[in-house]
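I set down what I looked up, in the order in which I looked it up.

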Amino acid sequence: MASSCFCSKFAVLGALVLMVVLAGSTSAQLSGTFYSSSCPNLLTTVRSAVRTAINNERRMGASLLRLFFHDCFVNGCDGSILLDDTSSFTGEKGAAPNLNSARGFDVVDNIKSAVEGACPGVVSCADVLAVAARDSVAILGGPSWTVKLGRRDARTANQAAANSSIPPPTSNLNQLISSFQNVGLSTSEMVALSGAHTIGQARCTSFRTRIYNETNIDSSFARTRQSNCPSASGSGDNNLAPLDIQTPTAFENDYYKNLVNKRGLLHSDQQLFNGGSTDSLVQTYSTNPSTFNSDFVAAMIKMGDISPLTGSNGEIRKNCRKVN
Ligand code: HEM
Ligand SMILES: *[C@@H]1O[C@H](CO)[C@@H](O)[C@H](O)[C@H]1NC(C)=O
Ligand SMILES: *[C@@H]1O[C@H](CO)[C@@H](O)[C@H](O)[C@H]1NC(C)=O
């Protein structure tokens with residue numbers, strides 16, 4: 001009797017602990033108005049810094065959007081990708097999906113400096129990145145939305161998780177579906193978020209096999225891409241090509257039109273329209289830009305909700321490259 005009472009008290013305690021843990025891991029505390037009194041000029045400050053960066057280099061909008069994706073997929077949207085390596089710390093910048101590829105860190109520093117000038121010590125790097133990603137999409141002609149805020153910055157990073165959680169361009173459809181499922185995103189959200197490849201560039205090494213050896217590719221498109229991406233591995237590895245052959249600095253639904261025409265640049269891109277379960281959604285987005293825009297926005301908000309640090313977890317980093 002006494003022991004069963006003892007056990008049930010533990011069960012109640014356990015349930016309480018579980019509830020607290022779950023509450024801490026949901027996005028309940030993120031809100032569009034999180035900084036409205038502590039940093040009223042946050043959004044205008046970030047937008048003007050992002051605008052300056054994109055005016056300097058149109059590709060930068062794509063690079064900032066991708067940084068947010070690569071942040072959120074590794075232990076949540078916690079600014080971990082922004083931490084530099086030190087002699088005693090290995091960050092995520094050297095992880096396979098980021099090495100020689102992720103870019104825009106100087107621009108994030110500039111945005112953060114401007115934000116620190118307006119409201120010192122208040123706004124996390126994770127939130128700066130979330131707003132910069134939204135502004136990038138909007139400035140390049142895509143939709144805009146209210147960004148939920150209140151994330152805090154990690155004091156750690158995880159290179160092994162970056163290697164394994166961010167899908168590589170060699171992924172097949174099932175692998176893409178499961179890597180998004182691992183962070184709580186559905187197959188249709190995966191298809192909508194992939195529309196980000198309507199902007200930005202990829203390196204020859206990311207698409208070489210596709211343009212020389214695959215058959216589900218438009219042959220004139222393959223030839224065009226071969227002209228600046230030699231077949232021998234090691235030569236021209238970093239030569240760039242646009243992910244969207246038409247308009248690599250305009251955010252619209254061209255990505256899906258390309259897929260329907262077998263002009264996906266990455267192997268993983270063309271997997272979304274290759275006779276499988278996602279063909280019909282690709283077809284829908286290719287002809288219905290407003291459906292794409294609203295699904296993309298909803299999926300971006302959901303991606304931004306992945307395991308944020310809130311409350312007293314993490315910190316508000318002063319310098320996005322290092323822990324305080
Ligand atoms: C579906 C799985 C995805 C795979 C396999 C993938 C893979 C890649 C690869 C290989 C590149 C080129 C990297 C290089 O060659 O240096 C790239 C670029 C890019 N990705 Fe993805 N990606 C995926 C999803 C996403 C998502 C969800 C977003 C954002 C919402 C995104 C945004 C971008 C952008 C904007 C670029 C161009 C970056 C620049 O020009 O600096 N990608 N992606
Ligand atoms: C991540 O991948 C890179 C490149 O393949 C490799 O050098 C590194 O050791 C990996 N890191 C971890 C922690 O597994
Ligand atoms: C294409 O496939 C052949 C035969 O498997 C292989 O030897 C070659 O390296 C591949 N080329 C590229 C660019 O992937």
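Predicted model: local features only at pLDDT ≥ 70, side-chain atom pairs only at ≥ 80, totals over all residues.

Entry 1, ligand 3. I began with a polar side-chain atom of Thr209, which lies 3.3 Å from an oxygen atom of ligand 3; I count a polar contact as a pair of N or O atoms within 3.5 Å, and within protein one must be able to donate a hydrogen and the other to accept it, with residues adjacent in sequence counted only if both atoms are side-chain atoms. Taken alone, ligand 3 exposes 360 Å², of which the protein buries 38%; accessible areas come from the Shrake-Rupley method with a 1.4 Å probe, and for residues only the protein chains shown count as cover. Around ligand 3 I find Arg208, Thr209, Tyr212, Asn213 and Ser231, a residue being near a molecule or strand if one of its heavy atoms lies within 4 Å of it. By class, this shell has one nonpolar, three polar and one charged residue; Ala, Val, Leu, Ile, Met, Phe, Trp, Tyr, Cys and Pro count as nonpolar, Asp, Glu, Lys and Arg as charged, and the others, Gly among them, as polar.

Residues are numbered from 1 along each chain as its sequence is written, chains are lettered from A and ligands numbered from 1 in the order in which they are written, and side-chain values use heavy atoms, with hydrogens and water left out.

Which residues are the closest to ligand 1? Of the 25 that surround ligand 1, they are Ser63, Ser101, His197, Arg203 and Ser206. At least two shell residues come from each of α3 (60-72), α7 (173-181), α8 (187-194) and β1 (201-203); helices (H or I, at least four residues) and strands (E, at least two) are DSSP runs, numbered from the N terminus. The largest share, four residues, is from α3. I record 13 nonpolar, eight polar and four charged residues in this shell.

Where does ligand 1 sit? Ligand 1 sits in the largest pocket, by the criterion that more than half of its atoms lie within 2 Å of the grid points. On a 1 Å grid over the protein atoms alone, a cavity is a set of points where a 1.4 Å probe fits but cannot get out, and a pocket is an open set with protein on both sides within 12 Å along at least five of seven lines; lining residues have an atom within 4 Å of a point. The volume of the largest pocket is about 1,100 Å³, where grid points are joined across faces, edges and corners, and a volume is the space filled by probe spheres set on the points. I note 49 lining residues, the closest to the centre being Arg66, Pro167, Pro169, His197 and Leu266. Helix α3 gives the most to the lining, with seven residues.

My search of the whole structure finds two cavities of 30 Å³ or more. The largest has a volume of about 80 Å³, and α5 (125-139) and α14 (289-304) each give two or more residues to its lining. Three residues, the largest share, come from α14. The second largest cavity, of about 30 Å³, is lined by Leu82, Lys93, Phe105, Val108, Asp109, Cys320 and Arg321.
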